[in-house]
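Visitor: I am new to this structure and would like to be guided through its pockets and its aromatic rings. May we begin with the pockets?

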Amino acid sequence: MSVKALDGIRILDLSRILAAPFASQMLGDLGAEVIKVEQPGKGDDARQYGPPFLHDSHDEGMSAFYLSCNRNKRAVTLDFTTGRGRELALDLIAQSDIVLENFRPGVLEKYGLGWDDLRERFPRLVMCSVTGFGQDGPYRHRPGYDGIFQAVSGMMSVSGVPDGQPGAGPMKSGLSLVDILTGLYTSSALLAALRHRDRTGEGQHLDVSLLDCGVASLSHFAENYLVSGEVPQRRGNGGFGGIPSQAFECADGKLIFIVATTNPQFSRACEVFGRPLIEDPRFNSIAARIEHRLELLGTLEQIFLEQPRAHWLEALEALDVPVGPVNTIEETLADEQVRFRQLQISMHDESLGDVAGLRYPIRMSATPVTEYTFPPRLGEDSTTIYHELLGLGDEEIQRLAAEGVI
């Protein structure tokens, strides 16, 4: 078995839905032991986020949504709102490097499991709290989900069809984009906190807010506003850098996306178009093309309607102009480059057989990610983990289950 980057790291994952479970899944991919803790009899709400569902021989449905962010984990059930459940939670925390949770601020504190309760008892512990609006501020107690944060962060305001065109208006990303970005921010912050802990012996608390991560992800959109004072306008499938960086419809109704923003790129694209647009003073520099973007885009829209997509892809690729088809997910997963890079993997389950998923996307030469265990059923590893980590006997485990503690 190959060495894994995060061998020896244990994460107690109290989180649900997507952002935080996505973060812990990535760390599990990298070799951390992730123990998912769920409410007895109910579990993570994401288990019911379907259809589609996978059903095994016992007709135990598992949603594809849940499958997407819970591989490489083990699962226990635990009701920490009970006295004995809280004791078990503390025993598990004592043997963990990270506690990851996404309850509203103040929930864990009710049961003596908040950061202030844990920091003195477990000085090396890294605790990460993922919430909608953060641990403080006027909105701290508000609930929220991905679409709300796409709206409040300003992300929707720069997505969608431009004003004055059919269908104009702010548009939510089809992806749960703030959840995914928050998961990415969270995983890197946890690794940084572990590095600090290993160097100094000091744990810490990470306050992760979906709103904060959504605003931070505005990146150059926000910087453009801060520099210019001008509110960015929606550009549909167009970019906010050089021109053209845009999707265009071709003669067969299919879409193509081209980026030819530098002068060499645009000059080569003009060869393909058979028009010397680069010689036009309105279009002969990056700044000029940005200034006259609407005139240039109108001309290019007409040009691309002259030939089918396959023609433009072949001709532009031949002159090294960055271009690609606007694919469906089906087309993406069938793409020869995607298939060559083996981005689709299989997770084996005894009842369901091999179930497809997407691999961890980074290739690491010394600690490659090669193992993808199937997401656990509710409480699947309770007996094993309570026995191995906490030393509970079979009789006590059965009694705790009968009492609804686990």
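Guide: This is a predicted model. In the lining of the largest pocket there are 20 nonpolar, seven polar and three charged residues.

Visitor: What volume does the largest pocket have?

Guide: The volume of the largest pocket is about 1200 Å³.

Visitor: And which residues lie nearest its centre?

Guide: Of the 30 residues that line the largest pocket, Phe 22, Ser 68, Leu 175, Ile 180 and Leu 358 lie nearest its centre.

Visitor: Which element gives the most to that lining?

Guide: Helix H1 does, with four residues. Other elements that supply at least two residues each include helix H6 (177-200) and strand E13 (353-358).

Visitor: How much space lies in the second largest pocket?

Guide: The second largest pocket holds about 800 Å³ of space. Its lining has 28 residues, and those nearest the centre are Pro 162, Arg 234, Arg 235, Gly 236 and Arg 293.

Visitor: Where does the largest share of that lining come from?

Guide: Helix H11 provides the largest share, six residues. By class, the lining of the second largest pocket divides into 13 nonpolar, nine polar and six charged residues.

Visitor: Let us turn to the rings. How many aromatic pairs are there?

Guide: The count comes to nine aromatic pairs. In one of them, the ring centres of Phe 80 and Phe 103 are 5.6 Å apart and the planes stand at 90°, so this pair is edge-to-face.

Visitor: Which parts does the pair tie together?

Guide: Phe 80 is in the loop between strand E5 (74-77) and helix H3 (83-94), while Phe 103 is in the loop between strand E6 (98-101) and helix H4 (115-118), so the pair joins parts that are 23 residues apart in sequence.

Visitor: Is Phe 80 buried or exposed?

Guide: Phe 80 is buried, at a relative accessible area of 10%. Phe 103 is buried as well, at 17%.

Visitor: What sits over the ring of Phe 103?

Guide: The charged end of Arg 16 does, 4.5 Å from the ring centre. Elsewhere, Arg 142 lies over the face of Tyr 139, 3.8 Å from the centre of that ring.

Visitor: Which residues do ring pairs link into a cluster?

Guide: The cluster consists of Phe 248, Phe 273, Phe 304 and Trp 312. Phe 273 and Phe 304 are both buried.

Definitions and conventions
Residues are numbered from 1 along each chain as its sequence is written. This is a predicted model: local features need pLDDT of at least 70, side-chain atom pairs count only at pLDDT 80 or more; totals for chains, interfaces and linings use all residues. Side-chain values use heavy atoms; hydrogens and water are left out. On a 1 Å grid over the protein atoms alone, a cavity is a set of points where a 1.4 Å probe fits but cannot get out, and a pocket is an open set with protein on both sides within 12 Å along at least five of seven lines; lining residues have an atom within 4 Å of a point. Grid points are joined across faces, edges and corners, and a volume is the space filled by probe spheres set on the points. Ala, Val, Leu, Ile, Met, Phe, Trp, Tyr, Cys and Pro count as nonpolar, Asp, Glu, Lys and Arg as charged, and the others, Gly among them, as polar. Rings of Phe, Tyr and Trp (its six-membered ring) pair if their centres lie within 6.5 Å; planes under 30 degrees apart count as stacked, over 60 as edge-to-face and the rest as tilted. Buried means under 20% relative accessible area, exposed over 50%, partly exposed in between (1.4 Å probe, protein chains only). A charge sits over a ring if NZ of Lys or CZ of Arg is within 6 Å of the ring centre and within 35 degrees of the ring normal.
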